[in-house]
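This briefing goes through selected features of one protein model, grouped by topic. Please keep the sequence and the structure in view while reading.

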Amino acid sequence: MPASTRTAAEAADACGCPPGAIVKSLVFRGAVSGGGVLVLTSGTNRVHEKRLGRALGEKLERADADFVRAATGYAIGGVPPLGHATPMRVVMDHDLNAYPEIWAAAGTPRAVFPTTPGELARLTGAEIAEVT
């Protein structure tokens, strides 16, 4: 893209779509297991960590930039929903199903790709959940 797609608002502007059709790829860390959990959420939503952690059976913590890079191979702002350095549990926001086409990061803060919610869930093996 000619402009930044680092934030959901920037990506929506660049793609000409509503902010809710942007997929935010957020990495959390399990407090006990230390394993990564990738949450694919709508660009307008904020993840409710405590509620989602209870649903997943483990308290979640925000991952720092070093953890995100080690787990995914990508820097924050360009983390794609697939193709990561290590396998992670993937949870997808059910609100993304409201859009026939969604846009996700493609590895850099200036690259995105279009897909559908069904295809993204299939490719990532995501569990569909309420994340807000």
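Which residues of H2 are buried? In this predicted model, the buried residues of H2 are Leu52, Gly53 and Leu56. Viewed down the axis of H2, these buried residues fall within an arc of 100°, so they line one face of the helix.

**Faces of the helices**

- The face of H2 that is turned away from its buried side carries exposed residues, namely Lys50, Arg54 and Ala55.
- In helix H3, which covers residues 65-72, the buried residues are Val68, Ala71 and Thr72.
- Seen down the axis of H3, its buried residues lie within an arc of 80°, so they line one face of that helix.
- Asp66 and Ala70, on the other side of H3, are exposed.
- As a general point, an α-helix has 3.6 residues a turn, so residues three or four places apart point the same way.

**Salt bridges**

- The structure holds four salt bridges, and three of them are described here, beginning with the one in which the side chains of glutamate 49 and arginine 62 meet at 2.9 Å, N to O.
- Because glutamate 49 lies in helix H2 and arginine 62 in strand S3, this pair ties together parts that are 13 residues apart in sequence.
- Arginine 62 counts as partly exposed, because its relative accessibility is 47%, a value that falls between the limits of under 20% for buried and over 50% for exposed.
- Glutamate 127 forms a salt bridge with arginine 89, and the closest N and O atoms of the two are 2.6 Å apart.
- This pair links distant parts of the chain, since glutamate 127 belongs to strand S7 (residues 127-129) and arginine 89 to strand S4, 38 residues apart.
- Both partners are partly exposed, glutamate 127 with a relative accessible area of 33% and arginine 89 with a relative accessible area of 35%.
- In a further salt bridge, the side chains of glutamate 119 and arginine 122 meet at 2.8 Å, N to O.
- Glutamate 119 and arginine 122 both lie in helix H4 (residues 117-124), where they are three residues apart, about one turn of the helix.
- Glutamate 119, at 30% relative accessibility, counts as partly exposed, whereas arginine 122, at 56%, counts as exposed.

- Lysine 59 is placed in the loop between helix H2 (49-56) and strand S3 (60-62).
- Lysine 59 counts as exposed because its relative accessible area is 60%, and the cut-off for exposed is over 50%.

- Histidine 94 lies in the loop between strand S4 (89-93) and strand S5 (102-105).
- At 34% relative accessibility, histidine 94 counts as partly exposed.
- The C-alpha atoms of histidine 94 and alanine 129 are separated by 5.5 Å, although the two residues are 35 residues apart along the chain.

Terms used: Residues are numbered from 1 along each chain as its sequence is written. This is a predicted model: local features need pLDDT of at least 70, side-chain atom pairs count only at pLDDT 80 or more; totals for chains, interfaces and linings use all residues. Side-chain values use heavy atoms; hydrogens and water are left out. Helices (H or I, at least four residues) and strands (E, at least two) are DSSP runs, numbered from the N terminus. Buried means under 20% relative accessible area, exposed over 50%, partly exposed in between (1.4 Å probe, protein chains only). The arc is that of the directions from the helix axis to the C-beta atoms.
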